[in-house]
Structures are given as structure tokens and as C-alpha cells.
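My entries follow in the order I made them.

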There are 2 protein chains.
Amino acid sequence: MLRYFASREAVFLLLTADGWQDWATTVEETLKAPAGPPAVAAALAASLAERPLFCDLLAHSQLSLERGVTQEQVRAFKLTTLDAVDRISHALTVALPWLTRGQAVDVIAGTTAMAAQQWQTSNPPEALARLYAEDRLFAHVASEFTPRLARLVTLLLSGAAASRSDP
Amino acid sequence: MLRYFASREAVFLLLTADGWQDWATTVEETLKAPAGPPAVAAALAASLAERPLFCDLLAHSQLSLERGVTQEQVRAFKLTTLDAVDRISHALTVALPWLTRGQAVDVIAGTTAMAAQQWQTSNPPEALARLYAEDRLFAHVASEFTPRLARLVTLLLSGAAASRSDP
């Protein structure tokens, strides 16, 4: 086992890859019929809120995990991720039949970027958590994960919907 | 100097704070008249593309920099960042007078999250860059920073525009 993984980064990257596949399965199970952008956004935000480890790994995978493994390991990781993106894209177009494939891939990139950042914002290290609790000036910064992510994904999907009616 | 900064993280966090103020100044200078969501998105993406160090620091500030400094240092950082967010929010509402203050703050959070992620995607470590260059399967993953960020920010802003006409 240890000889195969070779590094802690490789283990975490495998967990991240599993997280992508697991998230894709939940998205497929949730988005089975046409729905409006706010409902789809709420479903995506809720499915990510249920996966705190995955959201944490999302932030770390680019910055350190992908850099600490062999080319073969990063290739396997990317293949699994691309497959998950394909599955999620397809589920998004089931719920939103007017969404183009390119828009779906952009929305997934935007959603995971915002989930990665918002998860860190909503789960600050101790010194920051104390600051948010003690100093009224910062109370509003400690925004909750699910509502803000749902608002942001709603903007992405409503923007995609609006582009349909543009010339 | 070294006694004051105490850590490398503190120095990088000061650079990140400067980056926020510097970006705010450029956004204020660029967005001086009403414009459509695609033009505003293109201006934001271009202003971030000109700031590769800031985009790189954005990804690192939450994950490691904010964790490696004292409460006083992180408080000063947050104050500078909040001031920059205020300035950028105001500039956004000059260009898009219908944008609410809450939407502007959400759009800034979304934009910086996507810029942080996309900058890492567009500037991969060596093993990944080689993979993208050698393996046709991955050629499309190495998406360019400015076009994708502009597309994503356009979706956010068009989504906000669409919410105006909703009941």
C-alpha cells in the first residue's frame, strides 16, 4: 500500500477523486427532472454542504496535492475528475435542458471554485473565528456556507438562462 | 523589520492586502460609466489577468497565510480587504446602477474565488503542464485564464441582472 501511494499527497488526491465520483452520483440522483435555476443551485449547494472533507480537499488539491505526486498519479486523478464532470454536466442538462455543454462545464468550474473558497471562509482558523466572534466589524464576514453558495450558483445558472434570449 | 513581520506568512499577507487595494484602484479607474455585464466582466477579468502574483496569493491567503499570523495581523489584513471590497462594490454599482450592495459583495467573492482557481488551472505545475501538452485527452483542460474568467463573471452579472425582473 504505502509503496504504491508513495506520498501523503497521493492518498489525499485519491480521496479527492473519490469525492468527485461520489458527488457526481448524488447530483445524478438529485437532478432527474427539469427544474429552475434556484432549485438546481440549492441542490448543488446542499450536496456540497454534506461533503465538508471534499470541499476542503478541493481547495488543497490544486495548491499542493497535484504538485506532490507523479505524472502517472496526476493523470489518473484528472481522468477520474473529467469523468465526474461529464456525469455532472449531463445531470445539469437533464434539469436545465437549455444549458449548453460548455456552459455546464463552466458552471461546474465556478461552483467548485466558490465552494472551495466559501468552505474555508465559513470554517476559519481559530484566530479568525475569535475575531469574527469578538469584533462586530467582522460579524458579517463569517458568512454561512450553504446560503451564499446557493446564491452564487443561482447567479451563474440564471446568467446562463439569460444568455438564451440574447442574440 | 523582521521582528515586526515575525513570519514569512505575515509578509505575504501584507502583499495580498496591497494587492486588494491596488486592484480596487484599477477597478475604480476602469468602471466610471454605466456598462453591460459582458463589458464589466471583461474589465474585471483583464484587471486580474494583469495581476498574476495577486491571483496566486488569493489562493494561498486562506489556506496558509491567514493561519500563520497573529490575530492582530489577520485583523489588519481583513480591515484592508473589507475596505477594498467596499471600493470595488461602489465601482460595480457605478457601472451597473441596478446592482444591489449584497449582490456586488457576492459577485466580488465569486470573482476572486474563480480567479484564484482558474489562475492555478492556467498555470499548472510541470508534471501537469507536460500531461496537457502530450496527451490530447487533456488539451481542453488547460483553459486560458482571461476568456474563462470573463465568461464566468458574465454569468454572475447577467444572473444578477436577470433577478431584477423576477418578482
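**Entry 1: a loop residue.** I take helices as DSSP runs of H or I, at least four residues long, numbered from the N terminus. The model I am reading is predicted. With that numbering, I placed Arg67(A) in the loop between helix 4 (52-63) and helix 5 of chain A. Is Arg67(A) buried, exposed or partly exposed? I read 39% relative accessibility, so Arg67(A) counts as partly exposed.

I then looked up the surroundings of Arg67(A). Leaving out residues up to four places away in sequence, Arg67(A) touches Gln62(A), Gln120(B), Asn123(B) and Pro125(B). I also noted the backbone oxygen of Leu63(A), which lies 3.3 Å from a polar atom of the Arg67(A) side chain. Glu9(A) is 58 residues from Arg67(A) in sequence, yet I find 8.2 Å between their C-alpha atoms.

**Entry 2: salt bridges within chain A.** I ran the salt-bridge rule over all chains and got 18. Next I picked out Glu28(A), which pairs with Arg87(A). Their closest N and O atoms are 2.8 Å apart. Which elements does this pair link? I traced Glu28(A) to helix 2 (residues 8-30) and Arg87(A) to helix 5 (residues 71-95), both of chain A. The two residues are 59 apart, so I logged this as a link between distant parts of the chain. Glu28(A) has a relative accessible area of 30%, which means partly exposed.

Salt bridges link Asp22(A), Glu50(A) and Arg51(A).

**Entry 3: salt bridges between chains.** How many salt bridges does the rule find across the interface of chain B and chain A? I got six.

I looked up Asp135(B) and Arg75(A), whose side chains meet at 2.8 Å, N to O. This pair crosses between chains. Asp135(B) sits in the loop between helix 7 (126-134) and helix 8 (145-165) of chain B, while Arg75(A) is in helix 5 of chain A. I checked accessibility on both sides. Asp135(B) is buried at 16%, and Arg75(A) is partly exposed at 32%.

I then turned to Asp106(B), which forms a salt bridge with Arg151(A). The closest N and O atoms here are 2.6 Å apart. This pair crosses as well, from helix 6 (residues 101-122) of chain B to helix 8 (residues 145-165) of chain A. Asp106(B) is buried, with a relative accessible area of 6%. Arg151(A) reads 41%, so I put Arg151(A) down as partly exposed.

**Entry 4: the interface as a whole.** I wanted its size in area terms. The size of an interface is often given as the accessible area lost when the parts come together. For chain B and chain A I have about 4,100 Å² buried, with 63% from carbon and sulfur atoms. Which residues of chain B lose the most area to chain A? They are Leu63(B), Gln71(B) and Leu155(B), together 15% of what that side buries.

I looked up contacts next. I find 45 residues of chain B in contact with 45 residues of chain A. I counted 14 residue pairs in polar contact between the chains, both residues at pLDDT 80 or more. On the chain B side, helix 4 (52-63), helix 5 (71-95), helix 6, helix 7 and helix 8 each give two or more residues. Helix 6 of chain B gives the largest share, eleven residues. By type, I sorted the chain B side into 23 nonpolar, twelve polar and ten charged residues.

Methods:
Residues numbered from 1 in each chain as written. Chains lettered and ligands numbered in written order. Predicted model: local features only at pLDDT ≥ 70, side-chain atom pairs only at ≥ 80, totals over all residues. Heavy atoms only, no water. Salt bridge = Lys/Arg side-chain N within 4 Å of Asp/Glu carboxyl O. Buried < 20%, exposed > 50% of the residue type's maximum accessible area, 1.4 Å probe, protein only. Contact = heavy atoms within 4.5 Å. Buried area = accessible area lost by both parts, 1.4 Å probe. Polar contact = N/O pair within 3.5 Å; in protein donor to acceptor, adjacent residues only side chain to side chain. Nonpolar A, V, L, I, M, F, W, Y, C, P; charged D, E, K, R; others polar.
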